[in-house]
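Please open the model in a viewer and keep the sequence at hand.

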Amino acid sequence: MENTPFASQQSINSRYVNHLVFLFGIVYFAQGIAQSGGLISLPLNYYLKEVMQLNELGATNYLAILTIPWVIKPIYGLVSDFISLFGYRRKSWLLVLNLLTCIGYFWLAEIADNDQLIMALLLTAIGTAAADVIIDALMVENGRKFNMTAHFQAVQWFWLCVAQVITSILGGWLAEMADPGTGLRTAAIITMVAPAIIAILSWLIVKEEKTAMDLASLKATVAGLRETFRSQLLWATILFLILWNFSPGFGIPIYYFMTDTLNFSQSFIGHLGAISSVGSILGAWLYGKYLSNRSIDFQLVFSILTSAFSTFSYLGALTPTSYSSLLFITLSFFFGITSMIALLAILTLAARACPEKAEGFTFAVLMSIINGCAQLSAMTGSWMLVNWFAGYLAPLIILSGAATLFCLFLLPSFKVRKMVVVSERM
């Protein structure tokens, strides 16, 4: 490679970046299908409600266990950063973990016992969460190398949202057209294809030198981990992520409200999810086109204000009317836009906070905080609805929006803006 002319090397790099853009797009598209919030999401929620007879709090708590593999993501990052499998740190792990996910969905498709249901779901969650860590590590490493972090993020989440459009419509159709058990099993069979695609493509596309576990690489990784915990930017980012994500969630409660109070069909609820994902696609495009080059402090302030506004907007849709369906279509679309812009801004902040030599571990730590706080938020919101607000959604929505707005007052306290600007100049 040392004798390769500069122009030729640029051409090679350009082709590889294009291949990575394709890989990140297709992997996130497949993950959008394969994760528990993908194709099986609506059939699973309907199964928990109709077959297992769980209320809002019960369904939220039941699904909470699926968050555990996403909360312990730093473990996967450490394994990937430290230990090679068949000589590779990334591509071999992607192959094995996605095959594990395939096995989990095959098991789910064969299950007739509710006691085994959560175990099969947990296996799929472990496979998808661990594979997600490896993909994110590749994104951070190559994003920094080619100065493409924001672009990679936008591509990933754009295609994730495209997948969510498809899975929302198909998932709603499966829940509506079949009995809950058949719908869930059919969704599991279809979903098996997605991790198989990820396993094959990642093995073929990712360029990676074979590595052995030698002392020099171990010392470099340990130094990277040591640097991780010395970073003021990282700690400021962690504090912000905790406070941003810890607002009472109302995802499951609003699903029960649409089903029981507004009498929306499962198919229509699925279409609402698709509309929200279309909004997220637009949000990803808007972020990549107009916001990715703006300062991170502008991105965060913009995200906080628009997210709070979209949350409060749901207050206008809680009284059943003849145009409730139109209101929810509009709200779903707008919420999709604002939530995607906020997510991409936060992920860009997280990626920039990762020290070198420990990208997999550090980014996994930050994603674990997001996932853990998001699930805690969902559980807290459902608990408040049942125990504090006697089933009334309005107080829960007000509290959620207010908690989001509170993050505005925390930005100066943690000096996120100042530290990120300094980091960008270095």
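Before the first selection, please note that this is a predicted model.

**First stop: a network of salt bridges**

Select K49, E50 and D260, which are linked in a network of salt bridges. The structure holds two salt bridges, and this stop visits each in turn.

Begin with K49 and E50. Their side chains meet in a salt bridge, with an N to O distance of 3.1 Å. Is K49 buried or exposed? K49 is buried, because its relative accessible area is 12% and buried means under 20%. E50, in contrast, counts as partly exposed, at 32% relative accessibility.

Now keep K49 selected and turn to D260. K49 forms a salt bridge with D260 as well, and the closest N and O atoms are 3.0 Å apart. Which helices does this pair link? K49 belongs to helix α2 (residues 41–50), whereas D260 belongs to helix α13 (residues 251–260). The two residues are 211 residues apart, and the pair thus links distant parts of the chain. D260 counts as partly exposed because its relative accessibility is 43%, a value between the 20% limit for buried and the 50% limit for exposed.

**Second stop: K91 and its surroundings**

Next, select K91, which is found in helix α6 (residues 91–110). K91 counts as buried, with a relative accessibility of 9%. Which residues does K91 touch, not counting residues up to four places away in sequence? They are S202, W203, V206 and E208. Display these four names together with K91 to view the contacts.

Within this group, look at W203 in particular. The backbone oxygen of W203 lies 3.2 Å from a polar atom of the K91 side chain.

Which helix gives the most to the nonpolar patch? Helix α14 (residues 266–291) does, with four residues.

Note on methods. Residues numbered from 1 in each chain as written. Predicted model: local features only at pLDDT ≥ 70, side-chain atom pairs only at ≥ 80, totals over all residues. Heavy atoms only, no water. Salt bridge = Lys/Arg side-chain N within 4 Å of Asp/Glu carboxyl O. Buried < 20%, exposed > 50% of the residue type's maximum accessible area, 1.4 Å probe, protein only. Polar contact = N/O pair within 3.5 Å; in protein donor to acceptor, adjacent residues only side chain to side chain. Contact = heavy atoms within 4.5 Å.
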